[in-house]
Amino acid sequence: MTVADDAGFMAGALRLARNGFYTTDPNPRVGCVLVKDGQILAEGWHAQAGRAHAEVDALAKLADRTQARGATAYVTLEPCSHHGRTGPCCDALIEAGVGRVVVAMQDPNPLVAGKGLRKMRDAGIDVSCGLLQAEAEQLNRGFIKRMLTGLPFARSKLAMSLDGRTALANGESRWITSEQARRDVQNFRAESSAIVTGIDTVLADDPSLNARVDFAVKQPVRVVLDSNLRMPLNAKMLQLPGETWVITCHDDPDKQLRLRDAGCRVWQVGRRMGRVDLSEAFKLLAQQQINTVWIEAGAALNGALLDTGLVDEWLLYVASCALGDQARGLFHFSQLQSMAAKKPFKFNAVRQVGPDLRLTLSR
């Protein structure tokens, strides 16, 4: 098998992994291709937590399990070596008698982290790792970051006019951007583990915070950062299927109980400058197996997030309109006294979405 052949089959495994892009949380997206004598025997992918992993899914699709003897398995993530909801995938490949395993990247999960590779090598399988690793890492940025840092991968969505305004002075903001941009946002919501907003946005807009798409999706958890437990008991999101979490720093047991009775899950973290400690809140989300956070919030929360380092990407939708200097801005923070104190961003990508632009930024 040539290097080009290996790369082609691994690219196929990466495409398969994307079949579970909207459904695998909190597990990573993984694909597997079984090949023998240059021909694909079977393909598999992980579709949902609790269901077969990609390797087992591919093996199950063989007409005869003995076909796997001497075959090569191309897998986008190191086969697991531990017992979770399912058995170890490295054991399944060993028992099937595969002769070679090509892996895109090592699993960052400390429960695996090289143990699966080692176990297969000890069983006499020819194992290599690192083919199309960058592409594999891109597929599971949230899972990888959570495993390595104890924090989720976080994106904040912003929308503004050409003159940098997000809403009129009276608060009206629907709609600055186009229908195409709003559909684009729904896709990003769908791939996220949680949608985070602040209580001010809930009180002003009563948002649904769900993914409104026409394909199968595991709905993200709705998370409201609510320092003083002002969450309305009749909020629209509480009437919808799925989970709503409230993260607070307020220890009023009666208010917390009322929210729980209304269907919320309430978490209490520390206080910083009179508000929810954002670092503690994001660590809590990671501890609850939240891989990817999508933030839709107002100027106050986005201003507070600017200095935390918790946001990995800022997605800024720019509409071709102007709202004037009396309208509201993107970020609220203390007035800067010099240009040396400005807050820089890096432009990573620019894409047109309908009549609007989507800027991908990092700090």
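1. Two residues are in contact when they have heavy atoms within 4.5 Å of each other. In this predicted model, glutamine 256 meets that condition with Leu229, Thr248, His250, Asp251, Val266 and Gln268, once its neighbours within four places in sequence are left aside.

2. Glutamine 256 sits in helix 9, which covers residues 253-261. Is glutamine 256 buried or exposed? Its relative accessible area is 8%, and the limit for a buried residue is under 20%, so glutamine 256 counts as buried. Valine 318 is 62 residues away from glutamine 256 along the chain, and the C-alpha atoms of the two are separated by 39 Å.

3. The largest nonpolar core has 39 residues. Which of them touch the most other members? They are Val33, Leu34, Leu59, Tyr74, Leu93, Val101 and Met120. At least two residues of this core come from each of helix 1 (3-17), strand 1 (31-36), helix 2 (54-60), strand 3 (72-75), helix 3 (89-96), strand 4 (100-103), helix 4 (115-122) and helix 5 (133-139). Helix 1 gives the largest share, 6 residues.

4. Leucine 34 can be looked at in detail. Apart from its neighbours within four places in sequence, leucine 34 has contacts with Gln39, Ile40, Leu41, Ala42, Ala58, Leu59, Leu62, Thr72 and Ala73. There is also a second, separate core, made of 35 residues, with Val196, Leu285, Leu310 and Leu330 among them.

5. The next points concern aromatic rings. The structure holds 8 aromatic pairs. One of them joins tyrosine 22 and phenylalanine 215, whose rings are 4.5 Å apart from centre to centre with 40° between the planes, a tilted arrangement. Tyrosine 22 is in the loop between helix 1 and strand 1, and phenylalanine 215 is in the loop between helix 8 (199-205) and strand 9 (221-225), so the partners, 193 residues apart, link distant parts of the chain. Tyrosine 22 is partly exposed at 25% relative accessible area, and phenylalanine 215 is partly exposed at 30%.

6. Another pair is formed by phenylalanine 188 and tryptophan 294. Why is this pair called stacked? The ring centres are 5.3 Å apart and the planes lie at 0°, so the pair is stacked. Phenylalanine 188 belongs to helix 7 (residues 179-190) and tryptophan 294 to strand 14 (residues 292-296), so the pair ties together parts 106 residues apart in sequence. Phenylalanine 188 is buried, with a relative accessible area of 11%; tryptophan 294 is buried too, at 0%.

7. Ring pairs also join Phe21, Tyr22 and Phe215 into a cluster.

8. How many cavities of 30 Å³ or more does a search of the whole structure find? The search finds 2. The largest cavity has a volume of about 60 Å³. Its lining consists of Asp25, Asn27, Pro28, Arg29, Leu139, Asn140, Gly142, Phe143, Glu191, Ser193, Asn291 and Thr292. By type, these lining residues are 3 nonpolar, 6 polar and 3 charged.

9. The second largest cavity has a volume of about 40 Å³. Phe21, Tyr22, Thr23, Thr24, Asp25, Arg29, Ala190, Glu191, Ser192 and Lys218 line the second largest cavity. Here the division is 3 nonpolar, 3 polar and 4 charged.

Notes: Residues are numbered from 1 along each chain as its sequence is written. This is a predicted model: local features need pLDDT of at least 70, side-chain atom pairs count only at pLDDT 80 or more; totals for chains, interfaces and linings use all residues. Side-chain values use heavy atoms; hydrogens and water are left out. A nonpolar core is a set of buried Ala, Val, Leu, Ile, Met, Phe, Trp, Tyr and Cys residues joined through side-chain atoms within 4.5 Å. Buried means under 20% relative accessible area, exposed over 50%, partly exposed in between (1.4 Å probe, protein chains only). Helices (H or I, at least four residues) and strands (E, at least two) are DSSP runs, numbered from the N terminus. On a 1 Å grid over the protein atoms alone, a cavity is a set of points where a 1.4 Å probe fits but cannot get out, and a pocket is an open set with protein on both sides within 12 Å along at least five of seven lines; lining residues have an atom within 4 Å of a point. Grid points are joined across faces, edges and corners, and a volume is the space filled by probe spheres set on the points. Ala, Val, Leu, Ile, Met, Phe, Trp, Tyr, Cys and Pro count as nonpolar, Asp, Glu, Lys and Arg as charged, and the others, Gly among them, as polar. Rings of Phe, Tyr and Trp (its six-membered ring) pair if their centres lie within 6.5 Å; planes under 30 degrees apart count as stacked, over 60 as edge-to-face and the rest as tilted.
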